[in-house]
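Have the model open while you read.

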Amino acid sequence: EVVQQKTQFENKNTKPPSRYTSASIIKELEKRGLGTKSTRAQVIDTLQQRGYIKGTSIEVTTLGMEVIKALEKYAPEILAESLTRHFEDDMELIRERQKTKEEVYVEAKNILVNLLNQFNLHKADIGKALAVAVKQAFRAETVLMPCPKCGKGDFNVIISKKSGKRFLACNKYPDCKTTWSLPQQGLLKILQEKHTCGTPFIHIIKKGRKPWKLCPNPTCPDKEQVQAPATKTDIKTS
């Protein structure tokens, strides 16, 4: 009985914590006094669109994790909750007329100048770290599916070194030369959702246009439904 109770206790303690959802992380930000009602949801959307987090059950991407590591190493003050909370408190003091806008502006400027100076001291190292992070994230996030022709390789996004154009291709080249074309502009993200032809949708964010999702399969039989507007759900699961 003692052994059984101990095993149950250990199993309970080793269970990983549940991931945040958009709603639960907004509550956590409110609890910690970070952001406002109007900015908290916007912050989460921004993190998702920039590829730092993904999923309805929020998961930090490779890119997001590496950015945090680089800033923790070279400019940790930028990540400090106390800094964000300090600015939030100052804004409240302005509303309560206990501080003037000019006082808050001067103080904030001094803090940000010091942070920028610290950042600049290590900008080369930060740049190198982030370049590696982007490369790793690109590799992790660009596999669409197994190659539709040979079935042996990964069918992923490739950027041509010669032309700079991007396309989908099998990584078993030159044994397999299967390629599909892609839009040349806009941020691409592969979705978990699949089109009726079985091909995963690609979510596209392009400046000046609403986000949309695309089936990249050139032989897709359902041509009329190849493109569709992206929803908030698409953005969160990308």
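This is a predicted model: local features need pLDDT of at least 70, side-chain atom pairs count only at pLDDT 80 or more; totals for chains, interfaces and linings use all residues.

1. Start with helix α6, residues 101–121.

2. Which residues of α6 are buried? They are V104, A108 and L115. Looking down the helix axis, the buried residues fall within an arc of 30°, so they line one face of α6. That face packs against α5 (81–95), while E102, N114 and L121 are exposed on the other side.

3. Next, look for aromatic pairs: the structure holds 1. The ring centres of F155 and W180 are 4.9 Å apart and the planes sit at 80°, so this pair is edge-to-face. It links distant parts of the chain, with F155 in strand β4 (residues 154–159) and W180 in strand β6 (residues 179–181), 25 residues apart. Both partners are tucked away: F155 is buried at 0% relative accessible area, and W180 counts as buried at 9%.

4. Buried or exposed, would you say, for T199? T199 is buried, with a relative accessible area of 3%. Beyond its neighbours within four places in sequence, T199 contacts L144, M145, W180, K194, C215, P216 and N217.

5. Finally, two charged residues over rings. R209 lies over the face of W212, 3.6 Å from the ring centre. K213 lies over the face of F201, at 5.1 Å from the ring centre.

Conventions
Residues are numbered from 1 along each chain as its sequence is written. Side-chain values use heavy atoms; hydrogens and water are left out. Buried means under 20% relative accessible area, exposed over 50%, partly exposed in between (1.4 Å probe, protein chains only). Helices (H or I, at least four residues) and strands (E, at least two) are DSSP runs, numbered from the N terminus. The arc is that of the directions from the helix axis to the C-beta atoms. Contact means heavy atoms within 4.5 Å. Rings of Phe, Tyr and Trp (its six-membered ring) pair if their centres lie within 6.5 Å; planes under 30 degrees apart count as stacked, over 60 as edge-to-face and the rest as tilted. A charge sits over a ring if NZ of Lys or CZ of Arg is within 6 Å of the ring centre and within 35 degrees of the ring normal.
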